[in-house]
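Subject: Structure handover

Hello,

Here is the structure I promised to pass on. Please open it beside this message and follow along.

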Amino acid sequence: MLSDRLLQHLQDVAEMPHFDGDRYVNLRRVGSGGMGTVFCADDTLLNRKVAIKVQAATEEARIIAGLEHPGIVPVHDLGTLDDGRIWYAMKFVDGQTLAQFAQSASLPRLLHIVRQTCDAVAFAHARGVVHRDLKPQNIMVGSFGETLVMDWGVARTIGEDAEPSGTRGYSAPEQLAGARPDPRADVYALGRVLAFVLPEHAPRALEAIASKASAENAADRYSDASALSDDLARWLDGLAVQAHRETPIELAARWLANNRTIAALVGAYIVMRIVLFVFTRH
Amino acid sequence: MSKPLLGLVLGAILGAIDGATAWFTPAVRPMILMIIISSTIKGLITGVLAGWIANKTNSIAWAIVVGVAVGLVLSYIAAMGSGYYLQIMLPGTILGAIAGFASQRFGRTRSATAHA
């Protein structure tokens, strides 16, 4: 009887792609999912590491190739294996997923990464593409601090017919129910990603942004990923956000936080005036 | 608003308010108008100098230092012979710091035009 380990090994060998020629060598499996398997390999022609994804269709490669953006991993090469499977080579990103990175990064840094993700996704939306599987595991933070949106395996064109797909907890309810691809489904996922990176006792304005983005009803969400990014930018700049109506106390606290020096100087002047008045009135 | 102009306006307003607080000192109340006018002029000069330095250096620290120094010197001159050194110099110094900081923080740098 074959052991589980041996079975796994046989499966790995069977999945391992065999390329004509010797351009891609030293293949190591680095991940797999429902839409294909990803290998790391050495590109001997250009002397660099690449990630090679092997899957059943060319759709994903063509979608990514049409999205030239600093936040979207570029495709280098595309081909078909002898067994009919499709493969494409893309930039190998040496870094951490947002899920890993979030354990040690500061809140402003994480918000900056969410904003960069929003910008990349907004770019895709502008070209008619909806990612449909945004989650911390599909957002990479590279070794230079760059943010890259990965795994466009279930991405579809806005409005086309699409099967229900995504990740429970991150994908919008209407998407899981099989609705046609809509940018606001990605806005929902971005809101869930934002909620993931927020600490337990996050500022109320940030919680409001995450709640608005991931509202159950699509009409209640931000109209697009750029609007979500802009609201996060407003919070980072110390401004009021669209998602949250401030109380007068919150408004005063925000003003004081943004103007500590001038508040301290004016406070010092008032205290000094009171002290002088009390001690010199006689 | 440019930094020198903001310093001028802010210095004048803060100087006028500071001068008006003399009303709480009954001994000098009869001279309140003169005090407000001189305090306004003092604040105006402090503010415009702090704003001018802020425009030159783009340094918050330097703008505050100049505001404090000018406020201190002008307050000393204003206090000479009055006997109210503490009551005049201490607020004058703090208002100088406020005018210096605010002109640097909230004022707009006047851009220089380069000619080839």
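Predicted model: local features only at pLDDT ≥ 70, side-chain atom pairs only at ≥ 80, totals over all residues.

**A helix pair in chain A**

Two packed helices are described by the angle between their axes and the distance between the axes. Look at helix α4 (residues 107-126) of chain A and helix α6 (residues 183-197) of chain A. Their axes are 10 Å apart, and the packing angle is about 170°. Angles over 145 degrees count as roughly antiparallel, so α4(A) and α6(A) are roughly antiparallel to each other.

Which residues make the contact? From α4(A) come L110(A), V114(A), T117(A), C118(A), V121(A) and H125(A). From α6(A) come P183(A), D186(A), L190(A), V193(A), L194(A) and V197(A). Sorted by class, this contact of α4(A) with α6(A) has nine nonpolar, two polar and one charged residues.

**A sheet in chain A**

Next, a sheet. Strands of a sheet pair through backbone hydrogen bonds, either parallel or antiparallel. Here three strands of chain A form an open sheet in the order β6-β8-β9, and the pairing is antiparallel. At the edges are β6 (95-97) and β9 (147-149) of chain A, each of which pairs on one side only. On average, neighbouring strands of this sheet are turned by 25° against each other, direction ignored.

Strand β8 (residues 139-142) of chain A runs antiparallel to β6(A), and three bridges join the two. G95(A) faces G142(A), the residue opposite in β8(A). The helix α4(A) packs on this sheet too. That helix touches β8 and β9 of chain A. Its direction makes about 45° with that of β9(A).

Start with N26(A). This residue lies in strand β1 (residues 24-33) of chain A. N26(A) is not a glycine, yet its phi is positive, at about 55°. Is N26(A) buried or exposed? N26(A) has 10 C-beta neighbours inside 10 Å, so it counts as exposed.

Now R132(A). This residue sits in the loop between β7 (129-130) and β8 of chain A. R132(A) also is no glycine and has a positive phi, of about 75°. R132(A) counts as buried because it has 22 C-beta neighbours inside 10 Å.

Then L81(A). Find it in the loop between β4 (75-80) and β5 (86-91) of chain A. L81(A) has 13 other C-beta atoms within 10 Å, so it is partly exposed. Leaving out residues up to four places away in sequence, L81(A) touches P17(A), H18(A) and W87(A). A126(A) is 45 residues from L81(A) along the chain, and their C-alpha atoms are separated by 33 Å.

**Chain B**

How many helices and strands are there in chain B? Chain B has four helices and zero strands. Along the sequence, the pattern reads α-α-α-α. The C-alpha trace of chain B spans about 60 × 20 × 20 Å along its principal axes. Chain B has 116 residues, and 48% of them count as buried. Take the contacts in chain B between residues at least 6 apart in sequence: 73% of these join residues at least 24 apart.

M89(B) counts as partly exposed because it has 19 C-beta neighbours inside 10 Å. Not counting residues up to four places away in sequence, M89(B) touches L72(B), S75(B), Y76(B) and A79(B). I77(B) is twelve residues from M89(B) in sequence, and the C-alpha atoms of the two are 9.2 Å apart.

**Where the chains meet**

Finally, the contact between the chains. Eleven residues of chain A are in contact with 13 residues of chain B. On the side of chain A that touches chain B, the classes are eight nonpolar, two polar and one charged residues.

Best wishes

Technical notes: Residues numbered from 1 in each chain as written. Chains lettered and ligands numbered in written order. Buried ≥ 20, exposed ≤ 12 C-beta atoms within 10 Å, placed from the backbone. Contact = placed C-beta atoms within 7 Å. Axes fitted to C-alpha atoms, helices over the stretch in contact; angles between N-to-C directions. Parallel < 35°, antiparallel > 145°, perpendicular 65-115°, else oblique. Nonpolar A, V, L, I, M, F, W, Y, C, P; charged D, E, K, R; others polar. Pairing = 2+ DSSP bridges.
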